[in-house]
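Reader: I would like to go through the charged pairs of a protein with you, and then one further residue. Could we start once the structure is on screen?

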Amino acid sequence: MSTKCSNCPLRRKDLFIPMSQDDVAFMDRFKVGELVIDPGTPILMEGSNSPQLYTALHGMGLRHKTLQNGQRQVLNFVFPGDFIGLQAGILGEMGHSVDATTRMTLCVFDRSEFWNFFKHHPERAFDLTWLAAMEEHFLGDALATVGQRTAFQAISWALLRLFQRADALGLAQNGVVRFPFRQRDLADALGLSLVHTNKTLRQLRERQLAHWVNGALTISDLEALAEQAEITLEDPAKRPLI
C-alpha cells in the first residue's frame with residue numbers, strides 16, 4: 001500500500017523542515033502512488049520526457065551523464081528524501097540519467113499537476129527553488145573539488161559529505177553508515193582513475209581517517225577528515241521535503 005504523506009517516515013527526521021497540515025494534504029493529492037524498483041534499474045534517462053516526478057522514500061541511487069565515447073560522469077548520489085526529475089518538470093526533458101543503486105521505493109507524482117505548486121502553493125514552489133539552488137551550490141563545490149583539490153583531498157571531501165548526508169538521515173550507527181556504491185562510482189564522480197581511487201582509499205584507511213569495505217563506510221574522526229579535505233565542518237542545513 002502507498003504511504004500517506006501524513007505517515008511519511010522521512011517527515012520525522014530532524015533534517016527536514018516541518019510541513020503544515022495544508023502542505024501535507026496538498027502533497028497527498030499530488031502523489032499518485034509508489035514505485036518499487038530493483039538495483040540497476042533506470043529511473044529517468046537522459047533526454048527523456050517523463051510524465052512523472054519522484055521523491056526517494058527508501059534506498060539510494062546515482063545521477064550521471066554519459067558522453068558519446070561512453071565515459072560517465074557521476075553528478076551526485078541519491079539519498080532518501082531527494083526529489084528526482086526537476087529538470088524534466090521545468091525544461092521538458094532530463095539532462096542526465098538517474099539509476100537505482102539499491103532496491104528503492106519512490107513516491108510518484110504526476111508532472112501535469114506540477115504547476116499547481118506555483119499557482120496555489122507558493123511556499124512549496126519556493127521549496128523547489130531552494131532545492132535547485134542547493135543542487136547548484138553542491139555542483140559548484142564538486143567542480144572546485146575536481147579541478148583544484150588533490151586526489152587525497154577530493155576523496156576525503158566526497159566521503160565526508162556523503163557520510164554527513166547519511167548521518168543527517170539517521171543512517172549512521174557508531175560512526176558507520178551503509179554505503180552501497182562502488183569505487184568506480186566514486187572515481188567517476190571525481191574524475192579519477194579506478195587505480196588512483198583505490199590507492200587513495202588505501203591511504204585513508206592506513207591513516208585511520210576513513211574505512212570503506214563491504215558496503216560500509218566508517219569515519220571515526222570527522223574533524224580530522226575535514227582538515228585533510230581543507231573544508232570547515234558544518235552540520236547539513238535543514239531542507240524541505242517534497
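Author: What follows is a short exchange about salt bridges and about one alanine, based on a predicted model.

Reader: How many salt bridges does a search of the whole structure find?

Author: The search finds 11 salt bridges.

Reader: Which residue does arginine 165 form a salt bridge with?

Author: Its partner is aspartate 82, and the closest N and O atoms are 2.7 Å apart. Arginine 165 lies in helix 5, whereas aspartate 82 sits in the loop between strand 5 (72-78) and strand 6 (83-84), so the pair ties together parts that are 83 residues apart in sequence.

Reader: And is aspartate 82 buried or exposed?

Author: Aspartate 82 counts as buried, because its relative accessibility is 6%, and the cut-off for buried is under 20%. Arginine 165, at 24%, counts as partly exposed.

Reader: What about lysine 65 and glutamate 46?

Author: Their side chains meet in a salt bridge, at 2.8 Å from N to O. Lysine 65 belongs to strand 4 (residues 61-66) and glutamate 46 to the loop between strand 2 (42-44) and strand 3 (52-58), so this pair joins parts that are 19 residues apart in sequence. Lysine 65 is partly exposed, with a relative accessible area of 32%, and glutamate 46 is partly exposed at 33%.

Reader: Where does lysine 31 come in?

Author: Lysine 31 meets glutamate 34 in a salt bridge between their side chains, 2.8 Å from N to O. Lysine 31 counts as buried at 11% relative accessibility, while glutamate 34 is partly exposed at 27%.

Reader: Which residues are linked in a network of salt bridges?

Author: The network links Arg72, Arg182, Arg184, Asp185 and Asp188.

Reader: Changing topic: where is alanine 168 found?

Author: Alanine 168 is found in helix 5, which covers residues 151-168. With a relative accessibility of 25%, alanine 168 counts as partly exposed.

Reader: What is alanine 168 in contact with, leaving aside its neighbours within four places in sequence?

Author: With those neighbours set aside, alanine 168 is in contact with Leu15 and Pro236.

Reader: And how many Å apart in space are alanine 168 and asparagine 116?

Author: From C-alpha to C-alpha, alanine 168 and asparagine 116 are 30 Å apart in space, and they are 52 residues apart in sequence.

Technical notes: Residues are numbered from 1 along each chain as its sequence is written. This is a predicted model: local features need pLDDT of at least 70, side-chain atom pairs count only at pLDDT 80 or more; totals for chains, interfaces and linings use all residues. Side-chain values use heavy atoms; hydrogens and water are left out. Helices (H or I, at least four residues) and strands (E, at least two) are DSSP runs, numbered from the N terminus. Buried means under 20% relative accessible area, exposed over 50%, partly exposed in between (1.4 Å probe, protein chains only). Contact means heavy atoms within 4.5 Å. A salt bridge is a side-chain nitrogen of Lys or Arg within 4 Å of a carboxyl oxygen of Asp or Glu.
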